Amino acid sequence: MSDPHVPALSPATVVVAAGRPERAQGAPVNPPIVLSSTYVSQGVQQPGELLYTRMDTETWHPFEEALAALEGGEHPGVAFGSGMAAIAAVFSLVPAGGKVVLPRHAYQVTLGFADDLAARAGVEVVRVDVADTDQVVAALDGASLLLVESPTNPMLEVADLPALLAAARERGVLSAVDNTFATPLGQQPLAHGADVVVHSVTKYLAGHSDVVLGAAVARTAELTATLRSYRTLHGSIPGPFEVWLALRGLRTLALRVERAQANAAELARRLADHPDVVEVRHPSLPTDPGHERASRLMTGYGSILGVRPRGGAPGADAVVGAVRLWVPATSLGGVESSLERRRRFATESLTVPEDLLRLSVGIEDVEDLWRDLDRALDRALRAPAG
């Protein structure tokens, strides 16, 4: 790290301080963007020397160092061209004929990738309810990889990460946690024994719906090198400008998360009493007890809500069509509030209710968000036909 004191700071400070250039008279406070595909090389490449951007570029380093500091990692992270590129790198650690244990509810493309591995490489895929610790632990026997989302996408189930990661380690099972929903402000899986933490940087870390990017932080230098090698060999690299934008977005992560979670907690409370809402999902849990000072930042647990309005799937679609401030869109974690009916995708898990709306709560004024949502519910579900 550029500053050895940064990892000991509060997470709200780490997001601002980490990944900065060395202090010197006249030096910039922000790292530069280097837009070059190749580097001058007059002889045999020396260790640490840059050669070609598919292998490495200095523009990646500040973000990779900042994310590692935020996750409590001892080794720099590895930036990828997308969240799925990072997930693919983790799946590459599973041998042909191996066994993967993962949530029954998870990002649909992650589940699809696992199914593709089963078809192509004879990998056994076991889907579990991550909230059922005993069920997950029982499935770990003979496994090569445990991949966990907590909270899950889109059902928001919460895993007992310390127990699951300890069980994986006892059995020699590699473990990875997709920390996209919780963010490092909510939990640091490496502290509980995870081997790899993965992010869709597109979401909360970058935070402005203008970047597609992924990243992974590994526990060991060896595993970090393996992920970097995968990135190089498969060309899963990010553009330098995208990484620079993600680092700029990271600077406001604590403020954005704090505001979005406060909004989500208040909306969850109001929606739970709404006559046109059948169910509200929002895991209101204490923050990770192993993450000091996190309670300052957390007012609930995450800024994603699962809402089932009256009227089934048609009612849910009607609500999406009636909002004016909320953005009907996929993805999540931006400053703007968005919503979508998840089962509109044919590849979504069949155990996800047809009428489930996934709400990504942003940083707007909560009263404006509530008025728009309340009116949409009223117009879509309570207004007389015709």
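The side chains of R310 and D276 meet in a salt bridge, with 2.8 Å from N to O. This pair links distant parts of the chain, since R310 sits in the loop between β9 (304-309) and α10 (312-322), while D276 lies in the loop between α9 (253-272) and β8 (277-281), 34 residues apart. The coordinates belong to a predicted model, and the distances quoted here should be read with that in mind. The two partners can be told apart by their accessibility: R310 is partly exposed, with a relative accessible area of 37%, whereas D276 is buried, with a value of 0%.

A second pair is formed by D355 and R308, whose side chains meet in a salt bridge at 2.8 Å, N to O. This pair, too, links distant parts of the chain, with D355 placed in the loop between β11 (338-341) and β12 (357-360) and R308 in strand β9, 47 residues apart. Here D355 is buried, with a relative accessible area of 9%, and R308 is partly exposed, at 23%.

Salt bridges that share partners connect E340, R342, R344, E348 and R358 into one network. Both R342 and E340 count as buried, because each has a relative accessible area of 2%, under the 20% cut-off. The structure holds 24 salt bridges, among them the pairs listed below.

| Salt bridge | N to O distance |
|---|---|
| R310 and D276 | 2.8 Å |
| D355 and R308 | 2.8 Å |

Turning to the helix, α7 covers residues 221-234 and has 14 residues, reaching 20 Å from its first C-alpha to its last, which is close to the 20 Å expected at 1.5 Å a residue. Within α7, the buried residues are L223, T224, L227, Y230, R231 and T232. What covers these buried residues includes the helices α2 (61-71) and α3 (83-91), together with the strands β1 (78-80), β5 (174-178), β6 (196-200) and β7 (214-218). An α-helix has 3.6 residues a turn, so residues three or four places apart point the same way. Just after α7, G235 takes a positive phi of about 65 degrees.

Key. Residues are numbered from 1 along each chain as its sequence is written. This is a predicted model: local features need pLDDT of at least 70, side-chain atom pairs count only at pLDDT 80 or more; totals for chains, interfaces and linings use all residues. Side-chain values use heavy atoms; hydrogens and water are left out. Helices (H or I, at least four residues) and strands (E, at least two) are DSSP runs, numbered from the N terminus. The expected span of a helix is 1.5 Å times one less than its number of residues. Buried means under 20% relative accessible area, exposed over 50%, partly exposed in between (1.4 Å probe, protein chains only). Contact means heavy atoms within 4.5 Å. A salt bridge is a side-chain nitrogen of Lys or Arg within 4 Å of a carboxyl oxygen of Asp or Glu.
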